[in-house]
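Biologist: Hi, I'm new to this one. Could you put it on screen and walk me through a few details?

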Amino acid sequence: MEILHNLAFGFEHALTMQNIMFCAIGCMVGTLVGLLPGLGPLATISLLLPLTFSIPTTGALIMLAGIYYGAQYGDSVSAITMKIPHASSIVACIDGYQMTLNGKTGLALFTAGVSSFIGGTVAIVVLAALAPALGEVALLFGPADYTALMLFGFVCVSFVTTGSLIDGLAMCMVGVLLGQIGTDVNSGVQRYTIGLPFLYDGVSLVSVALGCFGIAEITKNLDSHTERSPFMGKIHLMPTWPEFKRIIPSALRGSLVGSFLGIMPGGGPVIAQFAAYAIDKKVSKYRHEIGHGAIEGVAGQAAADEAAARTSFIPLMSIGIPENAVMALMMGAFIIKGIQPGPNMISQHPDLFWGLVASMWIGNCFLLFLNVPMVRYLLSIFKIPYNVLFPAILFFCCIGTYSVNGSLNDVAVTASFGLMGYIFLRLSLDPAPLMLGFILGPMLEENFRRALLLSRGSFTTFVTRPIAGTLVALMALFVLWQFVAFVREMRAGSLARADEGKAALEEG
Amino acid sequence: MTRFPPFHIHCHAGNAPSRAGWQSGHAAACKAVYAGSIPTPASNTQGSCKNARLPQASWADHQQVNHRDRLKGIFLIAIALAFGLGAMNYSIGKVERAGPGFFPLMVSSILFVLGVAMVVRAQFTKRVPAEFNVKNIAIIMGSLAAFALLSAYVNMILGIVALVFISAFAGKAYSVRRNLTIAAVLVGIAFAFQQGLGLQLPLY
């Protein structure tokens with residue numbers, strides 16, 4: 001009952017004219033961004049961050065959240081119609097694109113739209129029920145536990161987003177180091193400012209994000225020389241009743257899987273999609289069809305995708321630790337707006353928290369409208385050639401960075417991060433963990449120093465406290481497992497190579 | 001959650017384009033945030049062309065300088081050294097009363113170890129050269145520099161025009177007319193931001 005009461009309170013705040021408008025803008029921009037090449041949710045959120053300075057807090061956050069889940073949605077549309085996922089809808093390419101090849105684009109889009117709606121709705125219930133409860137648990141956390149939790153988040157994110165623990169962890173550390181630039185809060189010492197006064201406040205979040213995800217990305221796309229052909233097929237949307245019935249069970253399964261995996265550290269839409277797809281492949285009544293354009297193959301993963309995009313707000317808003325790079329950026333947005341996400345956020349800003357939760361459901365309705373009846377108009381955006389698009393994205397990057405402080409120095413900083421991001425991309429290092437490290441860095445240092453202060457300099461505090469100890473043990477397991485996997489891989493690899501050599505010798 | 005995708009430690013995007021297709025968990029996850037590394041058919045063919053030469057990777061290959069896995073380790077070691085040596089300039093303090101240099105020194109030591117681990121690991125992986133297309137990144141950097149300098153010393157309208165005209169060299173076909181249109185539209189948007197959203201842009 002309390003949940004209903006709280007949700008009603010939230011809708012009261014979300015259903016003002018202004019907030020509905022921000023929600024609609026967010027969903028619309030998000031969907032377009034999901035459809036367009038070269039701009040992921042990370043780059044878009046950071047582009048729009050400066051523009052939200054003049055908007056009231058709740059509205060700004062509603063809009064940014066809308067961009068995030070809207071982009072997930074738009075992405076699946078381009079995955080289904082053209083097999084081009086920009087952000088994360090890799091799984092939608094499998095069955096979704098297959099359906100397009102079978103001439104059932106409309107059905108696939110309808111399925112994705114409806115399942116995403118179901119997924120979003122389930123996730124919002126989970127969010128409303130779980131976030132306050134988790135917030136109370138988070139009050140038990142001491143500085144050592146927070147330190148361990150952040151490190152655990154680094155390990156999980158590195159592992160999930162890059163597939164290689166060392167690479168991801170190294171990028172997190174680079175991010176933490178970049179976060180060190182500026183004035184040290186404890187001692188007031190200027191660190192790594194190399195005598196440049198505009199670095200005293202540190203590097204701006206917008207600069208790092210736009211450099212690594214905007215400019216580096218543009219350059220990479222320019223290098224790749226791939227032509228995209230716009231979708232020209234016909235779209236027939238309405239399904240038959242038996243087809244519609246097939247959507248529901250799969251979507252519900254996907255919603256639950258997605259909601260759960262969205263909460264896990266390092267989790268989020270991508271891993272949720274894969275899990276939901278794998279489960280559907282195992283248990284669905286039509287599992288033999290999956291992979292050849294089955295409704296279930298689209299429904300489950302679309303629901304999981306949207307559900308995870310929403311539940312990933314739970315760790316951010318209840319514990320105050322973002323679990324992936326996009327959430328880290330959202331945390332930056334909260335902080336810029338003067339709100340510290342964490343256990344106290346729900347009690348201190350109930351209107352913001354519940355308003356945001358309620359707005360997600362309103363956004364759900366917008367997205368259903370945008371993606372089902374309007375989808376054919378949206379697809380025409382693909383006809384814009386990249387030659388027109390990329391100078392415009394560059395322009396937005398420049399204006400966005402400039403308007404943070406009204407300083408051209410920031411544009412120079414963004415450009416240097418663009419160069420750095422480009423080098424990282426070319427070395428196949430994923431800058432997403434860097435973002436997480438950059439935002440959590442100052443918090444990590446603060447908690448780490450405080451933990452050691454409290455324990456009088458003894459590192460055992462990270463092992464003896466129950467929460468921190470468990471997390472450290474889990475991390476150790478992860479690292480050990482990765483090492484063993486690597487060694488086994490190498491053995492198998494060298495055996496295979498030896499066989500190849502032998503075969504070559506025999507042939508020769 | 002540890003059970004889901006079949007990740008392997010050696011899989012970096014492109015390290016094994018043909019083996020780790022986009023259906024495999026890893027490749028997808030990489031793309032989570034990265035629009036650029038999208039598995040389009042074209043990039044796949046490109047990958048497999050290069051791959052055709054790969055099976056002959058041998059010890060001699062490892063002696064070559066351009067080994068991406070090794071280069072990235074070296075790059076990260078360089079970053080670790082820059083920050084680590086920098087941290088020496090600040091007071092380190094004691095463990096229980098850490099000075100401003102303590103934490104960065106610790107983090108850069110970890111990064112250093114990770115970088116060394118990557119270099120060591122590179123000895124066991126096949127050589128994939130890192131490709132830098134200097135031209136495009138140079139053009140983009142040049143256009144940003146032109147934007148910043150012209151905006152600082154003349155005005156932002158000129159900066160925007162220069163940004164469009166210079167960056168367009170990185171695109172496929174260069175058309176002065178199209179650039180003029182883009183520049184005009186962008187200047188219009190900048191005015192809209194200035195008037196509508198109240199951004200302080202020194203447009204003229």
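Biologist: What joins the side chains of D280(A) and R253(A)?
Modeller: A polar contact of 2.9 Å joins them. A polar contact is a pair of N or O atoms within 3.5 Å; within protein, one must be able to donate a hydrogen and the other to accept it, and residues adjacent in sequence count only if both atoms are side-chain atoms. The two side chains also meet in a salt bridge, meaning a side-chain nitrogen of Lys or Arg within 4 Å of a carboxyl oxygen of Asp or Glu.

Biologist: Before I go on, what should I know about the model?
Modeller: This is a predicted model: local features need pLDDT of at least 70, side-chain atom pairs count only at pLDDT 80 or more, and totals for chains, interfaces and linings use all residues. Residues are numbered from 1 along each chain as its sequence is written, chains are lettered from A and ligands numbered from 1 in the order in which they are written, and side-chain values use heavy atoms, with hydrogens and water left out.

Biologist: Is D280(A) buried or exposed?
Modeller: D280(A) is buried, because its relative accessibility is 2%. Buried means under 20% relative accessible area, exposed over 50%, and partly exposed in between (1.4 Å probe, protein chains only). R253(A), at 27%, is partly exposed.

Biologist: Where is D280(A) placed?
Modeller: In helix 11 of chain A, residues 269-283. Helices (H or I, at least four residues) and strands (E, at least two) are DSSP runs, numbered from the N terminus.

Biologist: Changing topic: which residue forms a salt bridge with R449(A)?
Modeller: That is D184(A), with the closest N and O atoms 3.3 Å apart. R449(A) lies in helix 20 of chain A and D184(A) in the loop between strand 1 and strand 2, so the pair ties together parts 265 residues apart in sequence. Both R449(A) and D184(A) are buried.

Biologist: And what does R191(A) pair with?
Modeller: R191(A) forms a salt bridge with E445(A), at 2.9 Å between the closest N and O atoms. R191(A) is in strand 2 and E445(A) in helix 20 of chain A, so this pair links parts 254 residues apart in sequence.

Biologist: How many salt bridges are there over all chains?
Modeller: The count comes to 13. One network of salt bridges links D167(A), D69(B), K72(B) and R121(B).

Biologist: Last one: how many helices and strands does chain A have?
Modeller: Chain A has 22 helices and two strands. Buried residues make up 65% of its 508 residues.
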